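Work through the exercises below with the sequence and the model side by side, and try each task before reading its solution.

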Amino acid sequence: MEIVFHGKRALVTGAGKGIGRALTLKLAECGAEVVAVSRTQSDLESLKKESPKIQPLCLDISNWDLTKNALKSVGPIDLLVNNAGIMEPKEYGTYTEQDFDKTFDINVKAIVNIGQMIANDMKTRGKGGAIVNVSSALGFTVAPSYGVYCASKGAVDQLTRSMAVEFGPCNIRVNSVNPTVVRTRMAEKEGLLDKNNEFAQNMIKRTPLKRFADTEDVINPVLFLLSDKAAMITGITVPIDGGLAINYV
Ligand SMILES: NC(=O)c1ccc[n+]([C@@H]2O[C@H](COP(=O)([O-])OP(=O)(O)OC[C@H]3O[C@@H](n4cnc5c(N)ncnc54)[C@H](OP(=O)(O)O)[C@@H]3O)[C@@H](O)[C@H]2O)c1
């Protein structure tokens, strides 16, 4: 099944590293023009060098007003991927208000801000569109020390459903993908890719496919959900977890 995005314009947040970077490059390879939003300039410069189809936008999406202003000049967008996110584990009893706000500002509030701006423009243009939110397996399940992150991803999934219902009549589809640990800087920073990490190794043991995800494992379902091949699919949350969630033992 070939997926092409010729003539389409996409916007990907968190495009500088990890899943967002791999997705941005793949979308450009599939013919889309991509507005790559991230907050580290050097990441964006190196992305731009890889494809003339990539238009970098250096922006901290946790700043609501700054983001709103910056998005006014990005031009029409047909495909939006709300991918930027942070994971800063802490135990209950140690969270501060700032910790909570930092996670929710990036993981949740930015999706409302960017999602509604882009969807309003899609509505005005009347050609429909597709939005994918990068959530997490921790939107469905929980793990000690990841409480606020899990809550933020649970909120992402509910935003996906509610946006799907409100934007559906304008043929704007909204879906989530919910990966297990993906081999990126985020997982590496938490030691989850370390062979001696008992928590991570236990997860792999319980995963029927016996491994964590690579960025390709995540971006392929995202490309499908963005494409016309998924024309009748909206409001779903897709586990990308090698079967972990179904395993009781
Ligand atoms: N990796 C996993 O195991 C995993 C599992 C499930 C779900 N996810 C989700 O997948 C998404 C991508 O994760 P990843 O693993 O690719 O993470 P990553 O390797 O840490 O990359 C995240 C990217 O997002 C950017 N970003 C973060 N906050 C931003 C902000 N406020 N404004 C603009 N850009 C921002 C980062 O920029 P800087 O480099 O400047 O910080 C970076 O380029 C996240 O939503 C994450 O929650 C990841």
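**Exercise 1. Decide how α3 and α4 are oriented to each other, and find the residues through which they touch.**

Solution. Helices α3 and α4 are roughly parallel to each other, because their axes cross at roughly 25 degrees, and angles under 35 degrees count as roughly parallel, over 145 as roughly antiparallel, 65 to 115 as roughly perpendicular and the rest as oblique. The axes of α3 (residues 64–71) and α4 come within 10 Å; axes are lines fitted to C-alpha atoms, for helices over the stretch in contact, and angles run from 0 to 180 degrees between N-to-C directions. Helices (H or I, at least four residues) and strands (E, at least two) are DSSP runs, numbered from the N terminus.

Next, the residues: Trp64, Thr67, Lys68 and Leu71 in α3 meet Lys109, Ala110, Asn113, Ile114 and Met117 in α4, where contact requires C-beta atoms, placed from the backbone, within 7 Å. By class, this contact of α3 with α4 holds five nonpolar, two polar and two charged residues; Ala, Val, Leu, Ile, Met, Phe, Trp, Tyr, Cys and Pro count as nonpolar, Asp, Glu, Lys and Arg as charged, and the others, Gly among them, as polar.

Before going on, note that this is a predicted model, in which local features need pLDDT of at least 70 and side-chain atom pairs count only at pLDDT 80 or more, while totals for chains, interfaces and linings use all residues. Residues are numbered from 1 along each chain as its sequence is written.

**Exercise 2. Describe the packing of α4 with α5.**

Solution. Helix α4 (residues 97–125) and helix α5 (residues 147–167) pack at about 15 degrees, with their axes 10 Å apart, and are therefore roughly parallel to each other. The α4 side of the contact includes Phe100, Phe104, Val108 and Ile111, and the α5 side includes Tyr149, Val156, Leu159 and Met163. By class, the contact of α4 with α5 has 13 nonpolar, four polar and two charged residues.

**Exercise 3. Give the strand order of the sheet, and explain why one side of β3 and of β7 lacks a neighbour in the sheet.**

Solution. The seven strands form an open sheet in the order β3-β2-β1-β4-β5-β6-β7, with parallel pairing; two strands pair if DSSP finds at least two bridges between them. Strands β3 (54–58) and β7 (237–240) stand at the edges with a single partner strand each, so one side of each is left without a neighbour in the sheet. From one strand to the next, the twist averages 15 degrees.

Technical notes:
Contact = placed C-beta atoms within 7 Å.
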